[in-house]
Amino acid sequence: MDEILTMRGIGKRFPGVVALDGVDFTLRAGEVHALLGENGAGKSTLIKLLTGVYDIDAGEIRLDGVPVRFTGPGQAQAAGISTVYQEVNLCPNLSVAENIMIGREPRRFGKISWSKVRQHAGALVARLDLSVDVTAPLSSYSIAVQQMIAIARAVDVSAKVLILDEPTSSLDASEVQQLFALMRRLRDDGVAIVFVSHFLDQVYEIADRITVLRNGGLVGEWAVADLPQLALVEKMIGKELSALERLEEQGRPSVAALERGAPLVAADGVGRAGSITPFDLTIHKGEVVGLAGLLGSGRTEVARLLFGADRADSGTIQIDGKPVAMRGPGTAMTHGMAFCSENRRTEGLVEELTVRENIILALQARRGWSRPLSRRRQDELVSKYIKALDIRPADPDRPVRNLSGGNQQKVLLARWLITEPRLLIIDEPTRGIDVGAKTEIQKLVAELSDGGMAVLFISAELEEVLRLSHKIAVLRERRLVEVLENDDAVDQDRIMATIAGGNP
Amino acid sequence: MIDVGTPGTATAVARVPLSKKRPQKRHIPVLATAALFGLMYLVGVVSYPGFSDTQILLNIFIDNAFLLVVAVGMTFVILTGGIDLSVGAVVALTTMISAVLLRENWPAGAVLPLVLLVGTLLGLAMGCIIHFFEVPPFIATLAGMFLARGLCFVISDASIPITNSTWTGIADVRIWFGGFRITISVVIALVVLLIGAFVLAYTRFGRNVYALGGNQQSAMLMGLPVARTRVAVYTISGFCSALGGVLVSFYMSSGNSLHAQGMELDAIAAVVIGGTVLAGGSGYVFGTVLGVLVLGVIQTLITYADLNSWWTRIFIGALLFAFILLQRVVNRRT
């Protein structure tokens with residue numbers, strides 16, 4: 001096959017971070033090439049370099065053998081590289097034909113010729129075998145069809161290289177098949193397609209070739225047939241030995257001992273359409289339950305349903321053995337639940353406020369505005385937790401924005417800890433923070449559970465989940481597939497096998 | 001219907017869906033306004049002798065020509081999902097500048113382009129502030145409103161009569177046809193209207209306006225000139241306000257800082273009642289015409305019924321509310 005696009009020794013730095021280093025990527029005409037890697041592996045950076053959103057710092061991009069350099073999305077498009085993103089980037093209020101043709105409408109003396117617009121768009125969708133009325137408004141079609149119309153626009157603008165970034169994440173199974181039919185058709189026409197997805201089963205169904213990235217570096221390129229699914233997951237996660245100190249395992253109670261009493265929280269058939277398939281899960285006092293799975297497998301969705309941040313459309317949640325109607329996070333909070341979000345910047349901390357104000361926020365919210373905490377009580381509580389969590393610098397009046405990631409995470413934890421929750425849900429508490437802070441947070445979680453707090457612990461790092469959890473719930477493709485007791489028989493391989501699916 | 005990937009269905013592409021026989025969703029608000037206008041006109045004809053005189057209808061155009069021009073500009077802005085609160089103040093400022101300069105014996109041929117330029121530049125400035133400094137349109141045009149209205153009072157807090165012969169000459173022209181008459185202002189308003197409708201329906205710029213109102217992020221990623229389009233709609237609105245101001249000065253034969261008080265709200269009401277969605281992306285200039293006509297018929301009916309003119313406001317308020325609810329209902333049925 002012809003190599004249509006080659007990237008050699010690609011490097012990209014951002015202030016303080018090496019996003020990509022020495023990555024090679026080769027794309028051939030008429031293939032579907034899956035680009036895989038965990039969150040932060042560098043997939044989106046690579047795509048942004050390819051589409052001209054960023055400029056490369058090192059290396060060379062060749063298109064049809066000619067070195068190219070893009071400084072904007074327009075240039076990449078003009079050179080024949082089009083991208084269709086996860087969210088449909090079209091205008092729902094315009095007709096299908098107009099969405100395909102806007103900005104390129106055929107004109108006569110400056111007047112748009114609508115008949116030609118419709119003709120051209122109609123011919124295009126017919127050629128792609130889409131049965132769509134081009135005069136209907138885009139919003140009258142499902143997301144899946146809108147996505148295919150976006151693809152039609154992309155290949156019409158320029159048809160050499162098509163990048164599909166998570167195109168299937170909001171489609172159901174039959175819609176995915178429609179999309180794949182279209183992809184195969186384009187592939188057979190000689191279009192080179194880059195397919196980014198975290199649904200591995202889909203990768204094996206549609207892709208011809210796989211490139212895996214990890215931590216900004218290239219792991220390798222394989223033909224799909226040469227790389228079994230389990231091996232792929234290993235390549236993606238990497239079995240690197242961690243430099244972290246081992247947590248003492250002294251006298252941690254067994255699951256059997258912990259689960260003697262009634263569960264603190266029991267979810268029975270709780271689910272939400274399009275978000276997560278109904279699941280059962282129990283969490284007892286003093287128990288750490290880990291959620292493992294690839295990014296997008298539904299980890300956060302489980303947490304959000306339990307906390308009432310999303311409304312479940314099936315099942316019941318019992319707290320202390322009594323069914324509770326979850327009306328929202330307020331209900332969860334009155335029952336002693338706390339939720340540290342994974343997006344600490346957008347959903348957790350208020351960056352302009354000081355450390356003290358951020359820590360007090362949840363407690364004050366629970367008390368209500370009519371019962372303000374006295375300044376003395378605030379200072380007491382805040383200094384206690386700054387000391388307990390070793391938040392640095394230990395200055396309660398510093399804006400949170402100026403703290404490092406690890407310390408920001410601790411501030412967020414402190415906020416929930418002063419409300420003295422019975423169940424603490426923490427989503428990716430150690431992402432993007434340094435090794436030292438990571439260990440401290442892990443220790444803290446272990447101590448809290450020893451003290452009787454129930455913890456739901458979500459992390460992309462299997463090692464961490466294994467070390468802390470009494471029980472591990474494994475998620476795959478928005479389904480809770482297995483709950484494992486974390487005994488000596490369970491190791492990373494066992495969990496990876498479950499994550500990869502099919503062959504445990 | 002959506003049958004992708006099965007060979008042989010390609011021939012079915014041109015098939016018209018069943019829903020085509022009913023009016024399209026986006027036309028419903030305009031049709032509702034047209035029906036409302038028809039109904040109110042009928043009520044007038046049945047209740048009051050003389051209401052059926054065609055001149056009554058033409059008088060609505062004569063009395064609202066300036067509102068029509070301002071509302072066409074407002075339609076562009078609202079279609080992008082923005083708002084322009086400065087229009088009434090720019091109208092007043094235009095009347096003031098015209099009156100003062102004409103009093104100083106400037107030639108009308110110089111005053112006219114100058115005031116149009118002032119309004120256009122004000123709109124351009126607000127558009128730039130809104131786009132490049134990411135100031136919400138509400139705030140930026142509110143500031144523009146205070147600025148323009150304030151400038152009026154700096155010029156003079158008294159009413160300045162316009163006696164320039166060219167100006168009053170144009171204002172007094174009556175175009176007669178078949179026993180009916182209209183003013184030059186009506187002709188100007190209709191021309192603006194036709195140009196506005198053509199631009200929106202048949203030029204790339206016009207379609208970009210709709211795309212911007214549909215989804216700004218998408219418009220950018222599709223490679224459309226978002227900045228240029230956004231700044232242009234406020235510039236157009238500024239120009240239309242200035243032109244509206246000129247028509248007001250024809251109509252009133254004076255410049256006054258208190259002219260066009262609250263006209264921005266009448267213009268917004270006309271646009272919304274005419275079926276343009278406040279969130280942007282859907283609507284027509286001809287809907288706006290119907291909106292202005294509805295407001296005009298209400299005024300006329302209330303004059304005929306000898307009610308206090310504040311009843312006009314109450315009716316407009318109630319209608320606005322009803323039409324915003326209608327937009328909600330129509331959009332929710334998606």
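This is a predicted model: local features need pLDDT of at least 70, side-chain atom pairs count only at pLDDT 80 or more; totals for chains, interfaces and linings use all residues.
Good morning. In chain A, strand S3 and strand S10, which covers residues 192-196, run parallel to each other and are paired through three bridges.

How many of the residues of strand S3 are buried? The strand comprises residues 32-36, and five of its five residues are buried, which leaves it mostly covered. In a regular strand, side chains alternate between the two faces of the sheet. For S3(A), one side carries A:Val32, A:Ala34 and A:Leu36, while the other carries A:His33 and A:Leu35. Both of these faces are covered, and the five named residues are all buried.

I now turn to a helix of chain A. Helix H5 runs over residues 143-157, which makes 15 residues. From the first C-alpha to the last, H5(A) reaches 21 Å, close to the 21 Å expected at 1.5 Å a residue.

Next, the overall division of chain A. The domain assignment lists domain 1 as residues 3-237, domain 2 as 255-336 together with 421-504, and domain 3 as 344-420. Taken over C-alpha atoms, the centres of domain 1 and domain 3 of chain A are 43 Å apart.

How confident is the predictor about this chain? Chain A has a mean pLDDT of 83, with 92% of its residues at 70 or more. Over residues 240-251 of chain A, however, the pLDDT is below 50, and this stretch has 14 contacts in the model beyond near neighbours in sequence.

One residue takes us from chain A to chain B. A:Asn89 sits in the loop between strand S6 (81-84) and helix H3 (96-101) of chain A. Its relative accessible area is 13%, so A:Asn89 counts as buried, the limit being under 20%. What does A:Asn89 touch, leaving aside residues up to four places away in sequence? The answer lies in chain B: B:Gln217, B:Ser218, B:Leu221 and B:Met222.

In chain B, let us look at helix H4, residues 108-132. The buried residues of H4(B) include B:Ala108, B:Val115, B:Gly119, B:Gly123, B:Gly127 and B:His131. Against what do the buried residues of H4(B) pack? They pack against four helices of chain B, namely H3 (87-103), H5 (137-155), H6 (165-172) and H10 (226-252).

The backbone angles deserve a moment. Most residues other than glycine have a negative phi. After H4(B) comes B:Glu134, with a positive phi near 50°. B:Asn105 is not a glycine either, yet its phi is positive, about 65°. B:Asn105 belongs to the loop between H3 and H4 of chain B, and it is exposed, with a relative accessible area of 67%. B:Ala260 likewise has a positive phi, about 60°, without being a glycine. It is found in the loop between strand S4 (254-255) and helix H11 (263-273) of chain B. B:Ala260 counts as buried, at 17% relative accessibility.

B:Gly150 lies in helix H5 of chain B and is partly exposed, with a relative accessible area of 31%.

Chain B also carries a record. An unreviewed UniProt entry annotates "transmembrane region" at several spans of this chain, among them 28-49 and 265-298. In the model, residues 28-49 of chain B are 91% helix and 0% strand, with end C-alpha atoms 32 Å apart. Residues 265-298 of chain B are 68% helix and 0% strand, and the end C-alpha atoms of that span lie 16 Å apart.

Finally, the confidence for chain B. The average pLDDT is 88, and 92% of the residues score at least 70. Over residues 1-21 of chain B the pLDDT is below 50, and this stretch has 34 contacts in the model beyond near neighbours in sequence.

Thank you for your attention.

Notes. Residues are numbered from 1 along each chain as its sequence is written. Chains are lettered from A and ligands numbered from 1 in the order in which they are written. Side-chain values use heavy atoms; hydrogens and water are left out. Domain bounds come from an automatic or database domain assignment. Helices (H or I, at least four residues) and strands (E, at least two) are DSSP runs, numbered from the N terminus. The expected span of a helix is 1.5 Å times one less than its number of residues. UniProt positions are given in the numbering used here, feature names are shortened, and annotations may be inferred rather than shown by experiment. pLDDT is the predictor's confidence in each residue, from 0 to 100. Contact means heavy atoms within 4.5 Å. Buried means under 20% relative accessible area, exposed over 50%, partly exposed in between (1.4 Å probe, protein chains only). Two strands pair if DSSP finds at least two bridges between them.
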